[in-house]
Amino acid sequence: MVEKDKIYDLKIDGLGSSGEGVGKINGFTIFVSRAIPGDIVKVKINILKKNYGVGELLEIIEPSEDRIEPKCPNANICGGCQIMHMSYGAQLQMKRKIVEDALTRIGKINTTVNPTLGMDNPYEYRNKAQFPVGVIDGKAILGFYKMGTHDIVDTEYCHIQSPINEKIVKIVKKYIEDFSVNVYDEKSRTGLIRHIVTKAGFITGEVMIVIVTNGRDLPHKNQLIEMFKENIDGLKSVVQNINTKNTNVIFGQETITLYGEDKIVDYIGNLKFHISAQSFFQVNPTQTKVLYEKALEYADLSGNERVFDIYCGIGTISLFLAQKAKEVHGVEVVEAAITDARENASINNINNANFYVGKAEEVVPRLYKEGIRADVVVVDPPRKGCEESVLETIVNMEPKRIVYVSCNPATLARDLAYLNERGYNVDKVQPVDMFPHTSHVETVVLLSK
């Protein structure tokens, strides 16, 4: 019997979906943050539920052979990198196992899962950063939230972000301190500067800086712009976003261009994309290319196919597919994303991609009723997976192949089970590491009828 507040020695033999270590005490499951498989640890049981407990890591009695010293001094405090204390090779193996376990346990699918496709350099891979801004003892702080809180961990250099952010953070701190600019306080809902958001084109080198403010008037903005212009190579855009709402959502409705363009440009493979302050763009362009090339390989297009890209976002996968397909139909619920998708198709001179705004579970059945059928279907749903009505319509269309791109192994396994029971074999399963040092894993799956 496990008791709350009691201290136990525990062998960690697995990892949870959020990167926490998993072990058992007398057959009872215990989750422990910052522990990894192979560790023997001393834990205090802080939470006790019917089927599991949560232990606080007090001491590493014997470290796993996969445990390393993380590069970042804030790795155990900040909520960004849950598994930086694990060797990169072990991270890739762990992500493969997470996918394999989900397919077996949830989907009842026993199939070979390919080794995870990782990065040559699993650092400095993110092209977008969001820094909450605060003040401690009169000093400006910018960084990331401490795990599970809204306390800011002051961070000038983040090992998984673009190196340009270090300069931007230092400039913003100097601006706030030199000109005594107020910083937003969540509790009192007063103060001006809420967030700094940065976007960097990895191929083009273009940089956008977004200042999110609780009000329209930005004091000494010309001096701030000059500081950016003098120090930031590739600066193409400085914009102000106004968010006066009491919300955890970073952006407000209104965006004003203060300097340069209202968007930057970057490439994935040979495709060009316009990126505005609020447009979605994959944050790891290197691995996005790997992911999309794998999806394109699995789609196995000859040039005669009609393809559906369901949950298409800004059309990134759609445009990759359109280069090899007869026609592509992209469906997405976010209207702004479809506007971006149409623009991205236009700037790449792609004329065989059509985009529809609406819920997938409404648009896809409607297209089916209108007689538009797919030879190949690609789905890239949010974490909650596909709506059953979407899966039902896909099955009714009887495409030759389905390519499922997933960011959540649990909902992937559930949806694959549904398709498997209705005549689709799971042929290939390929995890891709889009977010090194975190517990997240993307997976591309090929199903054939």
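Visitor: How many bridges join strand β10 to strand β11?

Guide: Strands of a sheet pair through backbone hydrogen bonds, either parallel or antiparallel. Two strands are taken to pair if DSSP finds at least two bridges between them; strands (E, at least two residues) and helices (H or I, at least four) are DSSP runs, numbered from the N terminus. Here β10 (residues 207–213) and β11 (residues 235–242) run parallel and are joined by 7 bridges. Within that pair, Ile 211 stands opposite Gln 240.

The model is a predicted one, in which local features need pLDDT of at least 70 and side-chain atom pairs count only at pLDDT 80 or more, while totals for chains, interfaces and linings use all residues. Residues are numbered from 1 along each chain as its sequence is written, and side-chain values use heavy atoms, with hydrogens and water left out.

Visitor: What is the order of the strands in the open sheet?

Guide: The sheet has 7 strands in the order β8-β7-β6-β9-β10-β11-β12, with mixed pairing. Strands β8 (152–154) and β12 (254–260) stand at the edges with a single partner strand each, so one side of each has no neighbour in the sheet. From one strand to the next, the twist averages 35°, where axes are lines fitted to C-alpha atoms, for helices over the stretch in contact, and angles between N-to-C directions run from 0 to 180 degrees. Helix α2 (residues 164–178) packs on this sheet, touching β6, β7, β8, β9 and β10, and its direction makes about 145° with that of β7. Contact means heavy atoms within 4.5 Å.

Visitor: Which residues of α6 are buried?

Guide: Buried means under 20% relative accessible area and exposed over 50%, with partly exposed in between (1.4 Å probe, protein chains only). In α6, the buried residues are Ala 337, Ile 338, Asp 340, Ala 341, Asn 344 and Ala 345. They cover an arc of only 155° around the axis, which puts them on the same side of α6; the arc is that of the directions from the helix axis to the C-beta atoms. On the other side, Glu 335 and Ala 336 are exposed. The cover over the buried residues includes β14, α5, β16 and β17.

Visitor: Is Ser 318 buried or exposed?

Guide: Ser 318 lies in helix α5 and counts as buried, because its relative accessibility is 0%. Leaving aside residues up to four places away in sequence, Ser 318 touches Asp 309, Cys 312, Val 328, Gly 330 and Phe 355.
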